[in-house]
Amino acid sequence: MTFAVVVFPGSNCDHDAYHAVKHVLGHSARFVWHKEAGLQGADVVILPGGFSHGDYLRTGAVAKFSPVMGAVNAFASAGGPVLGICNGFQILLEAGLLPGAMLRNAGLRFRCEHVHVRVEQTNTPFTLKCAPGQVLRLPIAHGEGNYFAEPDVAERLERQGQVVFRYTTADGRVTSESNPNGSLNGIAGICNDARNVVGLMPHPERACESPLGSADGLLVLESVVEALSSSSRLTAGAMSGGA
Amino acid sequence: MTARVFVTLKPSVFDPQGHTITEALHQMGYAGVEDVRQGKYFELMLPGTSADQARSLAAEVAHKLLANPVIESYRIEVAE
């Protein structure tokens, strides 16, 4: 299985994602420069964290026009699994692959710490190996992770089960203290209607080995391997609608 | 022509930076400042365009790039 890790100028978690996929998960990883028009036949696409284009204008606003995003769009439309982490999530929002937008953190501070998120949905290719309601300990590092959507959009996300991760306490309770950035409804990650595109602010790729403080993030990567393995057993065609 | 584009968060969107500035002004004694909305300002140099062309082009790029229509609105002025 091959993972494409898209590299934008200013990406700085691309090597973390590459390391987690190749050396911890044991699958093939390839860097794909943002000027490339294709994804080199990848089975999974990761848009990594960082500060693409220096976060100029808005986070992810310039990256959405990179040539590679045409291929990412086509890949996502065909049902391919796409994971946007932190800045990658912000890019997916700007590109319209996921609904909503990011605002500056409510406290205006760049938050760099471990947080807890509850897995709200396990029927996405990136969470199917998690238990429903499982709490993961993952690091965050962002200044603009305050998720916002218009009330009708937020209501639809909740109703359709598109809120995939929510900030909680270690025992899975939603409190104002457990929300590090003021995100609407404590939203830490969402998926699209088809459930194959997932974005989240925390960094699962930096939490794949116990010496780093947590190995909970490995579940996210193992999930997509499982999703693709089971879908290829069921059908030779592209995965659509999630697993 | 020159097109000036002013981008601000929509009124329905909380502006944490504007709120912080408002609080600072209150601490400085400017009690009459009820609220501050922070925004961005762009100047587009558009030689050889008419006012209508400049306004139309500015609106197009504001919608596509300068503003995020999910959270922001924009206002355009054109000048010689």
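**A tour of chains A and B**

Select V115(A) first: opposite it, in strand 7 of chain A, stands L138(A). Strands here, like helices, are DSSP runs numbered from the N terminus (at least two residues of E for a strand, at least four of H or I for a helix). This is a predicted model, in which local features need pLDDT of at least 70, side-chain atom pairs count only at pLDDT 80 or more, and totals for chains, interfaces and linings use all residues. Residues are numbered from 1 along each chain as its sequence is written, with chains lettered from A and ligands numbered from 1 in the order in which they are written.

**The sheet of chain A**

Now select residues 111-119 of chain A, which form strand 6, together with strand 7. These two strands run antiparallel and are joined by 8 bridges; two strands count as paired if DSSP finds at least two bridges between them.

Contact needs C-beta atoms, placed from the backbone, within 7 Å.

Go on to strand 1 and strand 2 of chain A, which run parallel and are joined by 6 bridges. In this pair, V6(A) stands opposite V32(A) of strand 2.

**A covered helix**

Select helix 3 of chain A, residues 87-94. Is this helix mostly covered or mostly uncovered? Helix 3 is mostly covered, as 8 of its 8 residues are buried. A residue is buried with 20 or more other C-beta atoms within 10 Å of its own, exposed with 12 or fewer, and partly exposed in between. Among the buried residues of helix 3 are F89(A), I91(A) and E94(A). What covers them includes strand 3, strand 4, strand 5 (101-103) and strand 11 of chain A. Just after helix 3, G96(A) takes a positive phi of about 80°.

**Two loop residues**

Move to H53(A), in the loop between strand 3 and helix 2 of chain A. H53(A) is not a glycine, yet its phi is positive, near 50°. H53(A) counts as buried because it has 21 C-beta neighbours inside 10 Å.

Then find N185(A) in the loop between strand 9 (163-168) and strand 10 (187-191) of chain A. N185(A) is another residue other than glycine with a positive phi, near 55°. With 16 other C-beta atoms within 10 Å, N185(A) is partly exposed.

**Chain B**

Show both chains: their contact takes 10 residues from chain A and 8 residues from chain B. Finally, select chain B by itself. Which elements does chain B have? Chain B has 2 helices and 3 strands, and from the N terminus on the elements run β-α-β-α-β. Along the principal axes, the C-alpha atoms of chain B fill a box of roughly 50 × 25 × 15 Å. Of the 80 residues in chain B, 15% are buried. Among contacts in chain B with a separation of 6 or more, 65% are between residues 24 or more positions apart.

Note on methods. Contact = placed C-beta atoms within 7 Å.
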